[in-house]
Amino acid sequence: MNRLALKLILVLFVATLLTGLSSRVFAQEPIVLGVPTSLGFLEGKEGLFCVNMAVDEINAAGGVKVGGTMRPFRVVAIDARGAEPGVPVAEVIKAHKKLILEDKANFIAFGSFRSEAAIACMDLVSQYKIPMLLGTAMSPEMQKKITEEYDKYKHTFRVCLNAVYLIKYLGGTMAYLNKQFGFTKVFIMDQDVAWARKTGDLMISMVFEKMGWQVVGRQTYPTGASDFSSGLMKAKAGGAQVILPIFDMPQSGILVKQWNSMKVPALMAGFISPLAGPAAWKTFDEKIDGAINAIFEIGNVPVQKVPRSVEFYQKYQKRYGKPIEAGHSPAPAYEMVYILKEAIERAGSIDGDAVVNELEKTDRQGAMGRIRFGKDHQVIYGEDPNETAMGCMIQWRKGKRIVVYPEAIAEGKIALPEGLKSLK
Amino acid sequence: MLLGTLVYGFVNSCILALVAMGFNLTFGISGVANFSYGAIYIFSGFTAWIFLNSIGFPYIICVIISIGLSATLGILIYHFVIKRVKGLALSEVMATFGLGLAIMELFRYFDFVGFKYTLPNIVEGSVAIGDVYLDYQRIAVVFIATALTAFIYLFTHHTKTGLAFRAIAQDERTALTFGIDSDRIGALSMGFGSALAATAAIVVLPMGTIAVEGGYDVLLNALAVCIVGGLGSTVGILFASVLIGFAQTFTANYLEPHWMMLVSLIAIAVVLCVKPSGIFGHQKELEERI
């Protein structure tokens, strides 16, 4: 009995010691990361998962060195529901205010889902001098505001892809299709949200008009729409060779299923959020073969030529027991926590202005390639992962996602699906 | 393009008729306000999905379970919610609408969001009508909508239970004097209407995804069809479905898809101003004349 009692006392002593030690490690006040996204959308949900993953890794390694002390990160997330139809921008601003005023967030990570709200929140974060890193919103309007009024809006940064860079990837793909197959007629189907409308506008002015393509029509759908037959009929009637979809709503995956059953003789090449992840093949009854889809940031899809993207992808799968499904946001969400950590450590403080100065000096090799901010606080994307961050285009082939563009990281060439013929 | 619009307009009309049928049976024919109809529609879609993907039952079993559970849910709603506020029209509407919101938000709370929530087609493949391809699932919608409309008409005009459904809406006290148990019939009507909502969900949802927000659209469309056609009139439902269905498809194809939802709202507004009982409705005609 005495031995047992002695053992128990010993165990209790060790446990107390360990608890004491661990609480000593995090005795310092945590650095609060406010995450106000839209958890009803895959990008928002997986983005938050990735913020948590990076925070746990950093905290497990001792936290963030602020001056002479180690401080942990603490995540306070709000489902601001900004991506859902009918939710007004004011609600999203309220969520940001709550994080800043009630939860005392030191930084806003990931930010608002939609550009409409993210742009409106730029005034709020500048008022309280809270650095905000965006991980989903894509409208270039954000950069315009920073360029025009730097002192006022310098607290906002964007880690994810923006609409202009997306244009470059999509434009490159269109040039490829023209060169390889002789295609020159396109029909645009987009969602009625700021980033998608802007992407459609820019594709016309910056790509199709310059390349001499004929835009045979354009159909814009409200968020939540799930019948795309009208647009598909117009595309067919107009003789489109390529359909350019630009959608981020869950219902948009059904567009490709309808495209398949209506046998529209045009190649689907653009961005449909539900088509990005590996589950799409089974979900859409294997009817997405041949569709080409943008992956906004590598790491959301493993690219063999960029080992860090594979490492990040596998780490996520190991932790959550399922692969990344979103083509936009998870990798930037993960990287932005590390970007912030490094900036805080360089600044030696969590003061908003000091951290902004250090964020501007970011130069990091991550899951998305090399991460650096431009003067307009947008991460620079390009076609060489050693020089810039990267997005890519994948093509669905027999259940597999093959990286087909840009050439620097391509794993195969674009192939036309059954029923489509090259004009060359 | 015109042929495509006509073909898809006809299919859209059948979808509207299918979706409105259960709502019309409960609210239109029996006078039991069930504004949780959209939620029941979504509930049946998610139930079928859960039994198919999480438990792994054969699809036909999932369909039967889904319809059965939806009917049970409808009966329970009648006994535990509607019965308590029966006779107070506004309270019935508010209570069932509130309950519907709770059911839909509960699915959102438990993370039923995303593109993976889809149901398989009943039949695969497509057929060409001229140069327009139409998938078999849409053809199935046409057949099922036609068969169910005929069934509902015969049921409510030629069976004892069906006639009792209509009787409690026309005059509950007189129905009681004829030995009709209005609570039993009301519960049956809710169960039957919910089963029809589930049937519509099983047939229509494979052409899209199961989304919580979809419940609101279903309720609005069902309401529009019933108000325009006339509450309680099966022929009116058919007429209104064709009218709104074609108007929506022509709007999407020749104007913009954005205006599609306005079609239903405009139709409701016009009918309420011109003929409040609906084009084929008779229930309130006397009141209107007075």
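## Contact between the chains

The contact between the two chains takes 22 residues from chain B and 26 residues from chain A; two residues are in contact if their C-beta atoms, placed from the backbone, lie within 7 Å. On the side of chain B that touches chain A, the elements giving two or more residues are α1 (2-29), β2 (132-135) and α10 (234-254) of chain B. Helices (H or I, at least four residues) and strands (E, at least two) are DSSP runs, numbered from the N terminus. By class, that side of chain B has 9 nonpolar, 8 polar and 5 charged residues. Here Ala, Val, Leu, Ile, Met, Phe, Trp, Tyr, Cys and Pro count as nonpolar, Asp, Glu, Lys and Arg as charged, and the others, Gly among them, as polar.

The model is predicted: local features need pLDDT of at least 70, side-chain atom pairs count only at pLDDT 80 or more, and totals for chains, interfaces and linings use all residues. Residues are numbered from 1 along each chain as its sequence is written, while chains are lettered from A and ligands numbered from 1 in the order in which they are written.

## Domains of chain A

Chain A is divided into domain 1 (24-160 + 305-372) and domain 2 (164-295 + 391-409), with bounds that come from an automatic or database domain assignment. The centres of domain 1 and domain 2 of chain A, taken over C-alpha atoms, are separated by 29 Å. Their contact takes 16 residues from domain 1 of chain A and 18 residues from domain 2 of chain A. The side of domain 1 of chain A that touches domain 2 of chain A has 8 nonpolar, 4 polar and 4 charged residues.

## Helix α4 of chain B

Helix α4 of chain B comprises 21 residues (89-109), which should span 30 Å at 1.5 Å a residue; its end C-alpha atoms are 30 Å apart, in agreement. The expected span is 1.5 Å times one less than the number of residues. After α4(B) comes Asp111(B), whose phi is positive, near 70 degrees.

Which residues of α4(B) are buried? They are Glu92(B), Ala95(B), Thr96(B), Gly100(B), Ile103(B), Met104(B) and Phe107(B). These residues cover an arc of only 160 degrees around the axis, which puts them on the same side of α4(B); the arc is that of the directions from the helix axis to the C-beta atoms. A residue is buried if 20 or more other C-beta atoms lie within 10 Å of its own, exposed if 12 or fewer, and partly exposed in between, with C-beta atoms placed from the backbone. On the other side of α4(B), Leu90(B), Ala102(B), Glu105(B) and Tyr109(B) are exposed. The cover over the buried residues of α4(B) includes α2 (37-55), α3 (59-82) and α9 (214-229) of chain B.

## Strands of chain A

Strands β13 (residues 363-366) and β14 (residues 369-372) of chain A run antiparallel and are joined by 4 bridges; two strands pair if DSSP finds at least two bridges between them. β13(A) and β14(A) form a hairpin with 2 residues between them. Gln365(A) has Arg370(A) in β14(A) as its bridge partner.

Tyr221(A) lies in strand β9 (residues 214-221) of chain A and counts as buried because it has 27 C-beta neighbours inside 10 Å. Leaving aside its neighbours within four places in sequence, Tyr221(A) is in contact with Met189(A), Gln191(A), Asp192(A), Phe228(A) and, in the other chain, Pro257(B). Phe271(A), in strand β11 (residues 267-272) of chain A, is buried, with 28 other C-beta atoms within 10 Å. Not counting residues up to four places away in sequence, Phe271(A) touches Pro245(A), Ile246(A), Phe247(A), Asn293(A) and Ala294(A). The C-alpha atoms of Phe271(A) and Asp248(A), 23 residues apart along the chain, are separated by 7.7 Å.

## Backbone features of chain A

Most residues other than glycine have a negative phi, and most peptide bonds are trans. Lys104(A) has a positive phi, near 55 degrees, and is placed in the loop between α3 (89-102) and β5 (107-110) of chain A. Lys104(A) counts as exposed, with 11 C-beta neighbours inside 10 Å. His377(A) also has a positive phi, near 65 degrees, and lies in the loop between β14 and β15 (392-397) of chain A. His377(A) is buried, with 25 other C-beta atoms within 10 Å.

A cis peptide bond, with omega about -5 degrees, joins Tyr405(A) and Pro406(A). Pro406(A) is found in the segment after β16 (400-405) of chain A.
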